[in-house]
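This briefing goes through one structure by topic. Please keep the sequence and the coordinates open while reading.

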Amino acid sequence: MERPVQRSLPGTERRRHVGDVSRVLMQLSWVAQKQTAFSVAQHALTVPQFLTLTVLIRSRHAYSMNQLAEATHQDAATMTGVIDRLERLGLVERARSREDRRMVLVGPTPQGVAVVQNVKRSRDEMLMHLFAPLSDEALMQLSQHLEQLWQLLEAQARQGYDCDH
């Protein structure tokens with residue numbers, strides 16, 4: 001059984017704090033998108049290409065184009081262009097399915113895996129530098145609060161973003 005949430009702020013003050021959090025989240029999202037674009041551009045990739053490679057590597061199995069489009073929230077035509085460019089760069093390869101020769105499957109190449117690892121390593125170094133001024137305790141608290149926020153956002157997404165409830 002969940003404990004009731006303790007709230008001691010008056011409604012207007014709580015609303016102001018929620019507004020502040022909303023503003024900061026939007027700013028963080030914008031900066032994170034720009035930093036991600038910069039990081040992947042250093043490796044001659046776009047954000048959709050990087051995200052597609054990341055999905056392929058995490059799954060540890062090849063995807064059909066339709067599965068990949070769904071997993072990356074892209075339409076099939078966009079995904080075809082992304083895969084074409086990744087294939088020209090030698091970062092993914094296409095192969096016919098053994099079970100259904102009509103189906104084309106896409107998987108990362110060793111070079112694709114290496115590029116994603118390099119992007120992540122660069123990003124990790126940048127974040128270590130960014131968080132250097134924080135104490136260990138402050139960093140742990142930030143991590144816990146962000147994880148809690150992520151869980152709230154995920155729960156809301158599963159419920160369909162109904163803001164009236």
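**Sheet, helices and single residues**

Y63 stands opposite V106 in β3. The model that shows this pairing is predicted.

**Sheet**

- Three strands form an open sheet in the order β1-β3-β2, and their pairing is antiparallel.
- β1 (63–64) and β2 (92–96) are the edge strands, each of them pairing on one side only.
- Helix α4 (residues 76–88) packs on the sheet, where it touches β2 and β3; the direction of α4 makes about 110 degrees with that of β2.
- Between β1 and β3 there are two bridges, in the antiparallel sense.
- β2 pairs with strand β3 (residues 104–108) over five bridges, also antiparallel.
- V106 of β3 is the bridge partner of R94, and V106 also stands opposite Y63.
- V92 has P108 of β3 opposite it.

**Helix α5**

- Helix α5 covers residues 110–131, which is 22 residues. From its first C-alpha to its last, α5 reaches 31 Å, close to the 32 Å expected at 1.5 Å a residue.
- G112, V115, V116 and V119 are the buried residues of α5. They lie on the same side of α5, because the arc they cover around the axis is only 95 degrees.
- The cover over the buried residues of α5 includes α1 (11–41) and α2 (47–59).
- Exposed residues P110, E125, M128 and H129 sit on the face of α5 that is turned away from its buried side.

**T52 in helix α2**

- T52 belongs to helix α2.
- The relative accessibility of T52 is 1%, so T52 counts as buried; the cut-off for buried is under 20%.
- The T52 side chain reaches the backbone oxygen of P48 at 2.7 Å.
- Leaving aside neighbours within four places in sequence, T52 is in contact with L68, T72, M79, V82, I83 and L86. Of these contacts, M79, V82, I83 and L86 fall within the residue range of α4 (residues 76–88).

**Helix α6 and its end**

- α6 has 24 residues, which at 1.5 Å a residue should span 34 Å. The end C-alpha atoms of α6 are 35 Å apart, which agrees with that span.
- L146 is placed in helix α6 (residues 136–159).
- S64 is 82 residues from L146 along the chain, and 34 Å separates their C-alpha atoms.

- Which phi does A44 have, although it is not a glycine? The phi of A44 is positive, about 60 degrees.
- A44 is found in the loop between α1 and α2, and with a relative accessible area of 56% A44 is exposed.
- H73 is not a glycine either, and has a positive phi of about 60 degrees.
- H73 lies in the loop between α3 (65–71) and α4. The relative accessible area of H73 is 74%, so H73 is exposed.

How values were computed:
Residues numbered from 1 in each chain as written. Predicted model: local features only at pLDDT ≥ 70, side-chain atom pairs only at ≥ 80, totals over all residues. Heavy atoms only, no water. Helix = DSSP H or I, 4+ residues; strand = E, 2+ residues; numbered from the N terminus. Pairing = 2+ DSSP bridges. Contact = heavy atoms within 4.5 Å. Axes fitted to C-alpha atoms, helices over the stretch in contact; angles between N-to-C directions. Expected span 1.5 Å × (residues − 1). Buried < 20%, exposed > 50% of the residue type's maximum accessible area, 1.4 Å probe, protein only. Arc of directions from axis to C-beta. Polar contact = N/O pair within 3.5 Å; in protein donor to acceptor, adjacent residues only side chain to side chain.
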